[in-house]
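Look at the model below before reading on. The questions that follow go through a few of its parts in turn.

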Amino acid sequence: MSFWTQEIIETLYRLLSFLANVPLAKRLIISGKYEYDYTVLAPLAMTSVLPSIISYLPQLPTADELPKQKWLSLVLSTLALGVFAEIKKSTASIDNSVSNENEIDSNKIDSLKSIDEEIKAAKGQEDLTNAVLKLKSVLGLGITEQPRQLFPDADNEIKVGSNISKIQDRFDTIDREVRAFLSQRLQPNLPEPPTFLKPDELDLKADEVEEVDKELYRHLQEIARFLGQKLEKNQPKFSEQAETTTSTPSPTLEDYEQLTEPLKIKPETLSNFQQDRVFAYMQVAGPNPVMLNQIEKLDSRLLITNEQYQNIVSQDSLDAALGEGRLYLADYSKLGALINGSYGGLQKYMYAPVALFAVPPDDYSDRNLLPIAIYCQQTSAEQNSIFTPLDGDNWITAKTILQMADSNYHELISHLAQTHLFIEPFVLATNRCFTDKNHPVRVLLKPHLEGTILINYGAHKYLLAPGGSIDSLLGATIGSDCQLSIKEAQSHLANFNQVAFPRTLEKRGVNNSKQLPIYPYRDDGQRIWDAIFQWVKDYLGLFYASDTSVESDAQLQNWAGELFSKGYCHIGEEGDGRIKTLDYLVEAISTIIFTASAQHAAVNFPQSGMMTYVPAFPLGCYSPALTNPQQQQNFMSLLPQLQRAELQVQVLYLLGSVYYTQLGDYSGSSFQNPQVKIALDKFNVNLAEIKNIILNEDSQRLVSYRYLLPSNIPQSINI
């Protein structure tokens, strides 16, 4: 079943149908408080999901967590591109002489890409509405239809007949559920109002709905309905259990490349992923650029000889590389806790490899990182399971094993655990503990926490559910995947004082640019960190005159205390939930903002920019890997079949191509204080300078790396 169908579209439509009745919907959907619920991803913080107002519609604590119109528009435009790309692919084999109403030309795909950019650039309601109307036009939808009545008479209710498609039937049912609920709540003598509503919130009349909002939501509803209908009509007929027989028996690299053809963002690794230096470059400028650790002696699992090393890096030696700090290890042993998965009748294999990399000596003209050896960790080192670039075609197999491990580590730990789940307790504590809505720390943090609860709920309900996309795509069982993510999120929170960006670089021994000269993630990230740190320091300095004022701030201390006691975050100089100094507060807030914005951008957006080319970043391994270099294996046998690969393209493209909000672009009236505006202007000047520096350096890079370009960094984790 395609990722684009049913649950995703229906959930979006349910939200659209409900939000079309603004501000009534906002008053009725809100539970009024944040609660910790350790039954969801125990023992991490997750908002308590009360009994749903309407089936499958989550109750959200505040209006801050409701999806904005621009976000919904971006998601729908991205889905539209995916839907029509899928339709185009499915009809490509039809003879041109045969008329087909679903045939999609390249011009429509290009127009959808352009409209996505227009929505992203929209500055106000008028810009956004115009872009959405263009989207409707490209999709072939009229824009003159009259809006549906909010509460139609019984005689006017839509009657579901056998000639109505199943998806349209579902949409009509959703509309009736929403109308019935709102109609009941508008009755003047509601006997027992929900406990989360105040009496004066029940007096709203239907004519108080904001017409502008309702009109735009109506357009978005029509787009969702249209996409759902298209998907249903073009849904390929196959069974997951029959996947092994319906997929292409022996796909080629060109087959995998064809899957990316309609995408707006082309994977950077399409033509060069097999090159050793590109493979190594992914460690410093790829989706998961956090694995390298400097070593002072060889790892016992990678005991290569000096002769082997010199055959790979000429005019160098192991002793010299070790002594000068030019050897680095990428260790994926945490994945050893995972259990091999299976899905759709296909067995998957999970590995936890270790890899050795080296920086060439100073006198080399090209000092990009080089791969030296990979241990696939299937048997003991004594059984000769170490692979090097000297092993011919088997070296490609070993690199594929490592990239599969890197992709799984990326999704489960670097992405899910260390950004999404890590930030969630800060969302709850910030909303619960700062009773003063104008508290300076709350005002500063709120834009960087927007949408995180909603997107985490969606990930929990769909992506991480048994039988969901993660279960299908990643190499291990969904149960062991979730256990590993939870464990690593807990560890990250427990070590909060070590996760500030500069501290992570220092801990891994990768902060010395003379020893490791080419590391775009480090260099770009350090610039962004410095800009955020200075902005936070300037801002907080306006409200806290001394360490004493920090320590005596009751709301701030309650916030830190709750993070420690309920969020299991060891915040505070002593890790005890007590903040004593302004310097510490600046670093702590900078860590939260950097993680929610830049760090998430660094690990999220390469999903569409790099990982949609499956041979370069396979999420699953589908045959046992080699145990020693004497055997021969074609790396293609490890890759997923095309049907599974297509799902990877769809999922990662959606997750990695929705850019909503931009770092430094604070909307609304939060920062109207003249002194704060001066500090904010300084922050944006710094970001503009960083943009120019990155663009200049990127032109010289082996593979383009623009994921930490300030204009490509959203404020918060909202996708």
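Helices (H or I, at least four residues) and strands (E, at least two) are DSSP runs, numbered from the N terminus. This is a predicted model, in which local features need pLDDT of at least 70 and side-chain atom pairs count only at pLDDT 80 or more, while totals for chains, interfaces and linings use all residues. Residues are numbered from 1 along each chain as its sequence is written, and side-chain values use heavy atoms, with hydrogens and water left out.

Q: Is His219 buried or exposed?
A: Buried means under 20% relative accessible area, exposed over 50%, and partly exposed in between (1.4 Å probe, protein chains only). His219 is located in helix 7 (residues 211–234). Its relative accessibility is 3%, so His219 is buried.

Q: Which side chain makes a polar contact with the side chain of His219?
A: A polar contact is a pair of N or O atoms within 3.5 Å; within protein, one must be able to donate a hydrogen and the other to accept it, and residues adjacent in sequence count only if both atoms are side-chain atoms. At 3.1 Å, the partner of His219 is the side chain of Lys136.

Q: Which residue stands opposite Leu356 in strand 6?
A: Two strands pair if DSSP finds at least two bridges between them. Strand 5 is joined to strand 2 (residues 327–331) by 5 bridges, antiparallel, and Leu327 stands opposite Ala358 there. Strand 5 also pairs with strand 6 (residues 370–375) over 5 bridges, in the antiparallel sense. In strand 6, the residue opposite Leu356 is Ala373.

Q: How is Asp530 classed by its relative accessible area?
A: Asp530 belongs to helix 19 (residues 520–541). The relative accessible area of Asp530 is 41%, so the class is partly exposed.

Q: What is the distance in space between Asp530 and Ser590, C-alpha to C-alpha?
A: In sequence, Asp530 and Ser590 are 60 residues apart. In space, C-alpha to C-alpha, the distance between Asp530 and Ser590 is 9.2 Å.
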